Amino acid sequence: MATEIKMPQLGESVTEGTISKWLVKPGDKVNKYDPIAEVMTDKVNAEVPSSYTGTIKELVAGEDETIEVGGVICTISVEGEAEEKVEITKAPVAETTDFSQSSETSEKKRYSPAVLRLAGENNIDLTLVNGTGRGGRITRKDLQLMIESGNIPTAKNIEARQPVEVKGETVSTHVPKVEKEAMTTTQSNLTASPGDIEIPVSGIRKAIAANMVKSKHEAPHAWTMVEVDVTNLVHYRNSLKDNFKQKEGFNLTFLPFFIKAVVEALKEFPQLNSMWAGDKIIQKKDINISIAVATEDALYVPVIKHADEKTIKGIAREINDLASKVRNKTISSSDMQGGTFTINNTGSFGSILSTPIINHPQAAILSVESIVKRPVVMDNDAIAIRHMVNLCLSLDHRVLDGLVCGRFLARVKENLQSISKENTQIY
């Protein structure tokens, strides 16, 4: 008998996921917990395991297709059960389909950000759309089918504000006409010229783009920077790295020292370990540091949990393990959840100055730039060659102000400049 495998919920507030790649095909035999697909959401990229042992019958969802949580993605003939032909059908969209007939249900006016974005870009009046999701909820797939059919119920007054509920909060569906036209033009009027190369946008790139746009749109970014003399840190780390590699089996980079310095400052200034929650600010108890790990075509942000409880060696091991999981494509959704503050090691690419986008819904992100040798005027007015680094902080101005962020960066600077063989323990 064909059994349905459904889109799992890969995060607390995740409502849908996009199939970025199928790892199986019809006829393949799989064991329970074998990965069958790579799925992306606005919070995490993860592999979906099979819930059963058996043979894949049909891939109901296609690659780059977005499915609501609980929606069927494929069917499987479960081992040991009598096989029975089951037809999975999709409701066809005819030219005469009437989308205006709607039923009043409990979920009718609960719209996801993706649905609101599509509605705004295509001038769709959501009050005239009949949703096929649970409880009558309108899904992104509903709008995509409607757009493809050309039968779009247009809002009579785009300037009117209509309150709707998004994940428990009342917001407005108002989109200014000029802004809507600009968004539509950007998406539909750009065409490739002869000799141009058109590169399809992958599901992973779409997820990254959506999260970045959401962060820039929702969080009022502010930016500040300090430069730090890390000459003592460079000498100390260089004196340890060979013996450390031989003893531990992995490299001791500069990043664990920077993370340790930031974690100690977060203990003193917990305001930066916070999140904006609409009508309140949530100051997190745990200090979980998100770090950016790049591959050739994507950016992953795994999390060092309880970083305040780890030594420099412990942080170094976590970085090495998480980076290895990303490179080997064994990173799990749990590895990328729960971050409270992000540190981005842009210095590894040679950057000396950057303005990072906040990792939503966190309140701040710190970029550690490249360590460079520069002539510096010392306190006694002598000029010396020193190892200098810029620390660039982007902050959510709803949560944080310049005063506390300035004090935080000053503490991070002090922590880094005090590193030495005499007062810094690796283990």
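1. The protein chain comprises eight helices and 21 strands; these are DSSP runs numbered from the N terminus, helices being H or I of at least four residues and strands E of at least two. This is a predicted model, in which local features need pLDDT of at least 70 and side-chain atom pairs count only at pLDDT 80 or more, while totals for chains, interfaces and linings use all residues. Residues are numbered from 1 along each chain as its sequence is written, and side-chain values use heavy atoms, with hydrogens and water left out.

2. Of the 427 residues of the protein chain, 42% count as buried (buried is under 20% relative accessible area, exposed over 50% and partly exposed in between, with a 1.4 Å probe and protein chains only). Where contacts (heavy atoms within 4.5 Å) join residues at least 6 apart in sequence, 64% of them join residues at least 24 apart.

3. The largest nonpolar core has 58 residues. Such a core is a set of buried Ala, Val, Leu, Ile, Met, Phe, Trp, Tyr and Cys residues joined through side-chain atoms within 4.5 Å. Helix 6 (residues 255-268) gives the most to this core, with nine residues. The residues with the most contacts inside the core are I259, L272, I289, F341, L393, F408 and L416. Leaving out residues up to four places away in sequence, I259 touches I289, I291, I304, I315, I319 and I343. Another core, of 19 residues, lies apart from it and includes L10, I36, V48 and I73. In soluble globular proteins, nonpolar side chains tend to be buried together.

4. Just after helix 5, G249 takes a positive phi of about 90°.

5. The structure holds four aromatic pairs, a pair being rings of Phe, Tyr and Trp (its six-membered ring) with centres within 6.5 Å; planes under 30 degrees apart count as stacked, over 60 as edge-to-face and the rest as tilted. Ring pairs link F244, F250 and Y427 into a cluster. The charged end of K247 sits over the ring of Y427, 4.5 Å from its centre, and R237 lies over the face of F254, at 4.5 Å from the ring centre. Here NZ of Lys or CZ of Arg must be within 6 Å of the ring centre and within 35 degrees of the ring normal.

6. The loop between strand 18 (341-344) and strand 19 (364-368) holds L353. Apart from neighbours within four places in sequence, L353 is in contact with W223, M225, E369, N390 and C392. P361 is placed in the loop between strand 18 and strand 19, and a cis peptide bond with omega of about 10° joins H360 and P361.

7. D64, in the loop between strand 6 (54-59) and strand 7 (66-68), has a positive phi of about 70° although it is not a glycine. H306, in the loop between strand 17 (303-304) and helix 7, has a positive phi of about 50° and is not a glycine. Most residues other than glycine have a negative phi, and most peptide bonds are trans. D64 is partly exposed, at 38% relative accessible area, and H306 counts as partly exposed at 30%.
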